[in-house]
Amino acid sequence: MEDQSIISALVLGVIEGLTEFVPVSSTAHVLLAGQFLGFESPGNTFAVLIQLGAILAILSVYFAKLLGIALSLPTSAESRRFVGAVLLGFLPAAVIGFLAHDFIKTVLFETPMLICVVLILGGFVLLWIDRLPLKPRYHDVTEYPLSLALKIGFCQCVAMIPGTSRSGATIVGALLLGADKRSAAEFSFFLAMPTMLGAFTLDLYKNRNAITADDGLIIAIGFVAAFVSALFVVRGLLNFVSKRGYAPFAWWRIAVGLAGLVGLLVFG
């Protein structure tokens, strides 16, 4: 195994962790960075499989809350409704992701120009959303109605286009449907757990014969790097968006998308 591959895996893992839960599209960042680093992954599995490290970051930060919800399920209607809302929000992505998996991985993931354009367009959408005079009706994720969770779940499916951002799609959908900025980001955290775990399991199964021992080590390095870097984001994001909104992420998306387009045109 080349040292360059290890360094690339470490860099890409850090990028994954820093970008997974902010609306800038971690997949776009990892795929574009991998393109310019000359990093190759069998079946494009690396970008999906290291996301599990980011999921563990959420679990570690919210462990006490999640444990409390799990223990109170037999007696608390609120806990049962919350778990039902998360699972219902996950359902559209589970169905569409399963049916469209091969097209997403072999066509959309292989089109870096599309990824850059979607990054830029998504940035302008975030700027528009951030300036709307929205009047939130929902402030607590544990009180989201089931119908709201399902609608947010359909919004999440837009993120199957690389560059859209899973967190961005769910947050924008939640904001337009009446959630406030903080709870929209938090619901995106919880919805990420079954969604990304499902994507991880499906991708691992589909590419089980293509992954070698060396690939496994590279993925493990990216996994650990994603976990550590995601911890910092999960702990600070809610307070950040409550105070600053989503405009900083919008401008970042536009800058990265433009830089990616220039890089692709100049270097190929």
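Modeller: A residue counts as buried when its relative accessible area is under 20%, as exposed when the value is over 50%, and as partly exposed in between. The model is a predicted one. Searching the whole structure gives three salt bridges.

One of them joins glutamate 20 and arginine 166, with 3.7 Å between the closest N and O atoms. Glutamate 20 sits in the loop between α1 (3–19) and α2 (26–37), while arginine 166 belongs to helix α9 (residues 166–176), so this pair links distant parts of the chain, 146 residues apart. Arginine 166 has 12% relative accessibility and therefore counts as buried. Glutamate 20, at 4%, is buried too.

Another salt bridge is formed by lysine 65 and glutamate 186, at 3.6 Å from N to O. Because lysine 65 lies in helix α5 (residues 63–72) and glutamate 186 in helix α10 (residues 181–206), the pair ties together parts that are 121 residues apart in sequence. Here lysine 65 is partly exposed, at 33% relative accessible area, whereas glutamate 186 is buried, at 13%.

Helix α10 also holds lysine 181, whose side chain meets that of aspartate 130 in a salt bridge of 3.3 Å, N to O. Aspartate 130 is in helix α7 (residues 112–131), so this contact ties together parts 51 residues apart in sequence. Lysine 181 has a relative accessible area of 31% and is therefore partly exposed.

Terms used. Residues are numbered from 1 along each chain as its sequence is written. This is a predicted model: local features need pLDDT of at least 70, side-chain atom pairs count only at pLDDT 80 or more; totals for chains, interfaces and linings use all residues. Side-chain values use heavy atoms; hydrogens and water are left out. A salt bridge is a side-chain nitrogen of Lys or Arg within 4 Å of a carboxyl oxygen of Asp or Glu. Helices (H or I, at least four residues) and strands (E, at least two) are DSSP runs, numbered from the N terminus. Buried means under 20% relative accessible area, exposed over 50%, partly exposed in between (1.4 Å probe, protein chains only).
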